[in-house]
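Subject: Structure for you to look at

Hello,

Here is the structure I promised to pass on. Please open it first, then read my notes below.

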Amino acid sequence: MALALGGMAEDLQFNLYTAIDERSAAFMALGISTATGKATAVITTSGTAVSNLLPAAVEADKSCVPLIFITADRPERLKNCGANQSVNQEQFLTSVCRSVIKAPSKGIHTLTNRSLISLVNNVWNEAHAFPGPVHLNLPIEEPLHPSTTEQKKAWLGWELDSFDNDNKPDLIHNPLERTSEPFQDLDPLLFGIILVGPWRGKPENIGAFRNSVKVFQALTGWPIFADPLSGLMKDQPGLIHYWELLIATNNINSDQDLQILRLGPLTASRNLEGFIKSLSNKNHILITEGEKRPLDPLHMAKQYSLGFDSWLKVFISKHVNLQNHSSIKNLELLNSLMAKNNQIHSYLDKKLSSNGIINEPKIAHNISNILPAKMPIMLSASSPIRDFFTFSGSSSFARRCFSYRGTSGIDGNISMAIGLSLAIGPLVLICGDLSFFHDSNAFLLKQPRDHPLIIFLIDNKGGGIFNQLNLDKPTKGNVDKLFIMPQSVQLSSLAKAYSIPYKHLLSFEDFSLTFDWCMKHRGPVLIHIATDSRADNLLRKNITKELNKLII
Ligand SMILES: Cc1ncc(C[n+]2csc(CCOP(=O)(O)OP(=O)(O)O)c2C)c(N)n1
């Protein structure tokens, strides 16, 4: 299989990357497919190689990214008998794949030409129908290594018809839990909030989605609380950028009749969850872009799964006489939220000014002013993504933002960023130190060489997020050892080992110059930013306290 792929890649039939670590390779593929919306195939040998695909498969499943895992297997006669590198790998990815397709257990040579072609089409369609991962397991009979003469013969003319027995492949669909309720109306003349979560639809549908959000927002005058991964852009009217801080400071009126229109999954915010829970659930709709699995952890919403576009068409047909901004009351409420939003922005501009000591909220608030317009950002799970939706303001919507939209893992972040960067060009990854160390194997992957991949490593000596949980001190056991887990890796030496340009950034004033230095490089560049997690946690609390007094 490797020889066939190598030959076809030389004929430029596709891009071929090789990797020694299957786990990183699968995350890199996830990055490429997230950027392109098209499945990337990850091809491995049999045995534990297949089990290394699971973490990326889990994320691809939840975030609806098409991926195809093609794994070589041993034929039936060598299974369950102690043969080397022979395991029950056909079951490893079953629980997270849209479908598992098993070639005949005696070996793929028992398929006919026709069956092989339909197998390929099937795999592609399965990965894209409801986008997600698909596993194709291929038992291969020996001899595994064709002679030079056989190889030449194969390249001269592919004689698929010599495969003459027709043993059909076995396709197992994963039954998905399905939820979709009929259209439910909302009252556009009363107030409501539009919550837009991470985008999980197909890339080709995002333009229509953005349009529909604009139409609905104009008709109702409702404010929008959007996730940085929502795909909405800066020109979207009604965006309340600092919704997280407005909720944290009790500045949203949780009137029991407030209507909620949720588009996509819920942003992972405890404040937001608490706010929604405080409302009655009678006017709460969740609309997904074809995702029929239940997506409401609060069990409050009625889920309509046929997409916002389709819901909006029915809505408009039921409110034919509705004009833009028909409700003066809604407009007043929106304007009052906008005014508070602007107050927060001015306060943060001063509090987190772009000079002096670097801290985590400051990075989130100011990074967009340093990066060129439209340069995409990937944020690792944990504090980087949380700080971004709390402090970044409008800049989240000025460029494409990526992160894990499904499972908030701290694994595979660098690999995914490499995949994104190979597909879309220069990219900034803002990454926590544990997430970075978890995936430092990613530097063994093929690196983007035409442009920089800039990694801002926020080194707060372990999992800073655990300092933000404000847990009571344990009566027994050590928090550092149990949760925070500071590591003692010499970052400059690690960078040197992989020949990665490295700089330690000490003050905010040096940010722009350092960024310009990064842009001169090709491939990964590592910028080490040391922060103080406990001090930053106090700062976050202090900001909420001060805003509580400030906003009226
Ligand atoms: C694969 C995986 N293992 C463990 C966790 C649990 N976890 C969540 S956040 C976190 C700490 C992350 O630390 P870091 O990347 O340094 O970011 P920080 O919290 O400092 O912002 C851990 C271990 C997880 N989400 N995913």
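A definition to start: two strands pair if DSSP finds at least two bridges between them. Please also keep in mind that this is a predicted model.

**The sheet**

With that definition, go to strand 13. The bridge partner of I377 in strand 13 is V428. Strand 11 and strand 13 are parallel and share three bridges. On to strand 14. Strand 13 (residues 427-432) pairs with strand 14 (residues 452-459), again in the parallel sense, over six bridges. I430 has F456 of strand 14 as its bridge partner. C431 has L457 of strand 14.

Helix 15 (residues 433-438) is the helix of a β-α-β unit with strand 13 and strand 14. The unit is right-handed.

How many of the six residues of strand 13 are buried? Six of six, so by the cut-off of under 20% relative accessible area the strand is mostly covered. In a regular strand, side chains alternate between the two faces of the sheet. In strand 13, L427, L429 and C431 point one way. V428, I430 and G432 point the other way. All of them are buried.

**The cores**

The largest nonpolar core has 82 residues. F216, L261, F308, W311 and F456 touch the most other members. Helix 7 (residues 206-220) gives the most to this core, with five residues. Domain 2 (192-340) and domain 3 (352-550) each supply at least three residues to this core.

Leaving aside neighbours within four places in sequence, W311 is in contact with F183, Q184, L186, F216, I285, I287 and Y304.

There is also a second, separate core of 44 residues. L53, A60, M378 and I414 are among its members.

**P139**

P139 lies in strand 4 (residues 133-139). Is P139 buried or exposed? The relative accessible area of P139 is 5%, and the cut-off for buried is under 20%, so P139 is buried. Beyond its neighbours within four places in sequence, P139 is in contact with D73, R74, P75, A103, P104, S105, G107 and I108. H109 is 30 residues from P139 in sequence. The two are 9.2 Å apart in space, C-alpha to C-alpha.

**Helix 1**

Last, helix 1 (residues 2-10). L5, G7 and A9 are buried in helix 1. The buried residues of helix 1 pack against strand 1 (40-44) and helix 6 (148-156). L12 follows helix 1, and the phi of L12 is positive, near 60°.

Best wishes

Note on methods
Residues are numbered from 1 along each chain as its sequence is written. This is a predicted model: local features need pLDDT of at least 70, side-chain atom pairs count only at pLDDT 80 or more; totals for chains, interfaces and linings use all residues. Side-chain values use heavy atoms; hydrogens and water are left out. A nonpolar core is a set of buried Ala, Val, Leu, Ile, Met, Phe, Trp, Tyr and Cys residues joined through side-chain atoms within 4.5 Å. Buried means under 20% relative accessible area, exposed over 50%, partly exposed in between (1.4 Å probe, protein chains only). Helices (H or I, at least four residues) and strands (E, at least two) are DSSP runs, numbered from the N terminus. Domain bounds come from an automatic or database domain assignment. Contact means heavy atoms within 4.5 Å. A crossover is right-handed if, with the strands pointing away from the viewer, the path from the first strand over the helix to the second runs clockwise.
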